[in-house]
Amino acid sequence: MDYDVLIVGSGPAGSTAAALLAKAGHRVAMVGSQPFPCKPAGIGWVGAQAAPLLESLGASRAVLNRPIADITFLSADLAKAASPRTRETPGYFIDRAAFENALIESATSAGAHAIHGATVTDVSLREKNVEARFRDRDPIQGRILLLANGRSSALVGRIGLTATSGRCWAAYFCTPTGTPPARDKGKISIILGLTRDGGYGLALSAAGQLTVAVSVPGTRADAVSRLTRLCASLAEGERIPAGVDPQPDRLVIVPPPLNALEMETHVGKHALLIGEAGGFVAALSNEGVVPAMWSASIAAKVVTSALKSPQSQDKLMTFDTRWRLEMAEYLRSPNTDMQFLVPLIFSNQPMADRMAAAFFRGDSI
Ligand SMILES: Cc1cc2nc3c(=O)[nH]c(=O)nc-3n(C[C@H](O)[C@H](O)[C@H](O)COP(=O)(O)OP(=O)(O)OC[C@H]3O[C@@H](n4cnc5c(N)ncnc54)[C@H](O)[C@@H]3O)c2cc1C
């Protein structure tokens with residue numbers, strides 16, 4: 001056996017699992033199709049739970065040096081605004097590439113073997129081991145497989161699981177603003193009720209960069225046209241610089257994420273599904289980094305106990321109950337009609353505060 005654990009994917013889920021499992025003394029291989037270091041990917045945000053998760057990996061907190069302080073909720077027509085009060089730091093702006101590179105570095109410094117720029121073309125789950133195969137290199141074997149390959153659902157069926165998709169397409173684009181990074185303290189505007197059926201928009205600027213994003217039910221084209229219209233109205237209202245529009249070379253369009261809560265199981269034979277590959281995405285905010293890391297840290301504990309046990313598959317099966325106990329509330333959409341809720345946020349300060357807690361921390365409204 002080459003390794004105790006094979007991990008496919010070196011995003012936040014894969015590298016968190018790799019760091020924790022290597023720290024626990026297991027032989028870990030993490031395979032990622034991207035080269036290392038990751039290319040600049042723009043500015044993003046993570047919820048406050050990212051801080052303890054990073055600490056558990058021994059990763060540097062330096063990537064969380066921009067706490068989010070300036071939050072505005074906007075109505076779909078941008079006519080109404082509300083500024084929630086938050087008792088604690090709700091989250092942090094992140095340089096997405098620097099953040100991912102820090103996670104990968106924590107995995108390799110803990111002793112994980114990272115194989116960058118290699119795509120796993122197939123996996124086999126056998127009686128005694130698991131195997132990952134490549135087009136142009138030798139296969140590798142391990143005792144347990146963690147599938148952390150993000151929204152690409154290509155290998156999910158190969159471990160005998162069925163993924164269930166959500167319904168919102170997302171479109172993002174990121175551009176430099178020209179503000180010197182040190183002078184840009186950062187602000188985030190969340191456009192609520194962008195569509196009648198739960199779409200929302202986001203404009204965040206920090207460190208001299210601006211990201212505008214939408215998440216809307218419908219089609220890919222709906223997401224792009226919503227993003228274009230949102231940019232135009234934000235520029236008209238002087239909330240983003242004039243002339244900013246989603247140029248095709250900076251536009252990223254992503255299909256609806258899988259939905260962990262709708263999936264029957266995340267456990268295959270000697271295998272677990274984690275991160276976006278398992279639909280671990282917060283329904284209200286579309287936040288994906290924290291739930292990817294969180295699901296990976298639960299998986300790492302389960303895998304450690306499986307590796308020590310003669311009944312390793314029985315131990316792996318506990319993953320389904322453990323993540324549901326810890327994460328289901330956080331992942332779930334608020335059990336409230338948003339059409340009814342959104343107007344209250346602009347007329348009632350406590351409702352705005354509660355919406356912020358729901359958006360950034362997954363609290364119930
Ligand atoms: C433009 C954009 C902006 C975003 N901004 C934010 C944000 O600000 N905050 C936030 O919380 N979330 C954000 N998200 C979502 C967030 O990036 C994801 O939810 C999160 O990265 C999921 O982590 P993951 O490790 O599960 O998957 P990914 O980060 O998708 O990582 C999966 C990795 O697996 C690799 N891979 C795939 N298939 C294979 C294979 N066959 N063999 C080897 N490697 C493979 C991929 O190359 C990738 O590196 C954004 C997403 C996009 C697209």
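Predicted model: local features only at pLDDT ≥ 70, side-chain atom pairs only at ≥ 80, totals over all residues.
Domain bounds here come from an automatic or database domain assignment.

**Overall build**
- You'll find eight helices and 17 strands in the chain.
- The chain is as compact as a globular protein of its length, because its radius of gyration of 20 Å is close to the 21 Å that the globule rule gives for 365 residues.
- Picture a box of roughly 60 × 40 × 40 Å along the principal axes, and you have the space that the C-alpha atoms fill.
- Of the 365 residues, 48% are buried.
- Take the contacts with a separation of 6 or more: 70% of them link residues 24 or more positions apart.

**The two domains**
- The centres of domain 1 and domain 2, taken over C-alpha atoms, sit 29 Å apart.
- Where they touch, domain 1 puts in eight residues and domain 2 puts in twelve.
- On the domain 1 side of that contact, there are three nonpolar residues, four polar ones and one charged.

**Around the ligand**
- The ligand has 32 residues around it, and the ones that come nearest are Gly11, Gly44, Gly150, Gly275 and Gly288.
- Helix H1 (12–23) and helix H5 (289–308) each supply at least two residues of the shell, and so do strand E2 (28–32), strand E3 (43–47) and strand E15 (251–254).
- Sorted by class, the shell has 15 nonpolar, 14 polar and three charged residues.

Key
Residues numbered from 1 in each chain as written. Helix = DSSP H or I, 4+ residues; strand = E, 2+ residues; numbered from the N terminus. Rg over C-alpha atoms; globule rule 2.2 N^0.38 Å. Buried ≥ 20, exposed ≤ 12 C-beta atoms within 10 Å, placed from the backbone. Contact = placed C-beta atoms within 7 Å. Nonpolar A, V, L, I, M, F, W, Y, C, P; charged D, E, K, R; others polar. Near = placed C-beta within 6 Å.
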